Amino acid sequence: MVSNSDVIAYIAKKDEHEELIPRTKVKEYGNTDLQPVFFDDELGKRLFYSWVCRALELGVKRISKSYLLGGCSWTLNEIRLDIYTFNDSIDDRFIKNLLEETTRLLSQQLRVEKVGKNDLLQILKEKSEVLIYEVVKDNDSREFMIVKDDGNVSVCLDTCVEQSYNEAVLEYVNQSMVHWRGDEKSFLLTRLHIRAFPSKKAKNSQAELEREYSLRDHVILGRELDLFLTDPSVGAGLILWAPNGAIVRKLMEEFEYKLHLRHGYQPVVTPHLATSELFETSGHLSYYRENMYVFDHDGKTHVVKPMNCPFHILIFKRKKWSYKELPVRYFEFGTVYRYERAGTLHGLTRVRGLTQDDSHIFLRPDQIQEEIGRLLDLLRLMYSSYGINNYSFKLSLRDPNNQSKYIGSAELWEKAEKALEEALINHGIPFKKEYGEAAFYGPKIDIYLKDSLGREWQCGTIQLDFNLPERFNITYVDQDNKEKRVVIIHRAQIGSIERFLGILLEYYAGRLPLWLAPVQVALLPVDEHSEEQRSYALRMRDELINNGIRAEAMMEGRLQARVREARKIRIPLIVVIGEKELRTEEFEAQWIKYGVDEKGRYKPVEEKITVRGIRGLVEWIKEEVGRETHGIIK
Ligand SMILES: [Zn+2]
């Protein structure tokens, strides 16, 4: 997506040092390397919203000194201002005044001041801002940024850069009631939901982006392409796959299954239920219970599996392993069930029943780096088959200041973290380090893919685990004949089929690659009444199907309407069968692929291909599918 021109601030680079500076101070920085931060950027939004929050809080105080500020936060596209009103209701007039005052404040040159914690607490006490007082008191910082207006003060707990806007646009969305600090036993605050933009232009371009999001909404596409549904009698977050969806799902499974066999993995299959004993050993029952479906039967507690790991470990444990036999790689499409709050469920991307492309690799500590390298190769190969080349990596490491909360020796952690990092570097993969983001049982790599609208989706994960090998006491016999502890890598390439397919649908605006399309070819007789053309279309369909190609003959109605329908349900190849084609046996197919315009909006790319006879069409499709899947599906 192209950035619009709303510059929020600049990053000034001098030597190795970077500093955020206001737009107004650009002149003072003369020759420094200046990089603009736009409203479209994540950082730009954060800085802008944070500044609007300051203006909103000061705006509240301009209108009513008696209202207490309860904090101001934001999400991706709205600002949330919390106010305690002593039972006054917030009416339209207050909101109108607030937006006006805030707009006025945004156009002024408000200053940011630094103030020490004790001084700030003193100021807040004098101003009777008892709620913000509590927030500051509990914050570990010794210094705070504040913005003042007319004796009132607004505290910034995020990065604060001075800004001013003459054309800012503010819009009131609605209001809701929230408990103070999310504590249900606590009192209620009024929360105002507000949208804000630095200019009318930014607002318009955001609106355009949102229109594009809605066109790509996988729930709507799922209905249009007849892929999946849910039903209240089954329950929320549990997907019913219609034939078209089941085909796509099966193709994803077939592809991954073959790919894994080629790369030294062995399939395993495990049950959906277990007694609670298994998940007590794994520790899930103590720290994951609220997400698990637990029930009693025959006087014993059972669980529906939330994870596949303990099952794979038991399979590994069935025999004694020598150091020479490792790594051992197990692979399963494991369907797991996890309780998620109803409010968080969404289409395929947030569900309660999901199928992971789950692997557990059992290996020696000295094999970690090489294995991670293999995993990264496999991942690249797989993502490129889905046509995805734009993804990024996050390396989650220990919190260096709080090492006691992690299991495993410091030495092992250091080795493992280094192994992950070196594997990424050796593969020339840029990544971001996140300290304190590791799981308690080991460091991990998370993979995010980015779509043409700039949205990021978390997909695969590669996690090292020193914990479960301890809990299940799994070992191998080393060269010196001593039993040593195995290391486990938990790994999902796409994450879950449900979520990944939801993401793919949005990524491609429903136009999946040829190998993955539920129907690959639409066969359209030009004249719906011509017996000759109709029977040829049927013969062609049958022959394509016999060759493992998914084809449909669309015969009824005007040709134009049928072409429109085939395009609407995103069939990639449209073959028209007319008199000329029957005579020459030469067919022209319209090949429609996913593409985007300069703004990242979905715009199909069309190509004409010419093939000789049905055989020619079969061969062309097989070759293209083989090319897309690196020869794995033919
Ligand atoms: Zn696992």
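**Charges across the whole chain.** Lys and Arg are counted here as positive and Asp and Glu as negative, while His and the chain ends are left out. On this basis, in a model that is predicted, the mean positions of the 92 positive and 98 negative charges of the chain are 1 Å apart. The accessible surface of the chain comes to about 30700 Å², and carbon and sulfur atoms account for 47% of it.

**Overall fold of the predicted chain.** The chain is made up of 18 helices and 30 strands, and its C-alpha atoms fill a box of roughly 90 × 75 × 60 Å along the principal axes. Of the 634 residues, 51% are buried, and among contacts between residues at least 6 apart in sequence, 69% join residues at least 24 apart.

C309 and H490 are both buried.

Within α16, which spans residues 559-568, the residues R562, V563 and A566 are buried. These residues cover an arc of only 100° around the axis, and therefore lie on the same side of α16. An α-helix has 3.6 residues a turn, so residues three or four places apart point the same way. The cover over the buried residues of α16 includes β26 (521-525) and β28 (573-577). Just after α16, R570 adopts a positive phi of about 60°.

Note on methods:
Residues are numbered from 1 along each chain as its sequence is written. This is a predicted model: local features need pLDDT of at least 70, side-chain atom pairs count only at pLDDT 80 or more; totals for chains, interfaces and linings use all residues. Side-chain values use heavy atoms; hydrogens and water are left out. Buried means under 20% relative accessible area, exposed over 50%, partly exposed in between (1.4 Å probe, protein chains only). Helices (H or I, at least four residues) and strands (E, at least two) are DSSP runs, numbered from the N terminus. The arc is that of the directions from the helix axis to the C-beta atoms. Contact means heavy atoms within 4.5 Å. Accessible areas come from the Shrake-Rupley method with a 1.4 Å probe; for residues, only the protein chains shown count as cover. The place of a charge is taken as NZ of Lys, CZ of Arg, CG of Asp or CD of Glu.
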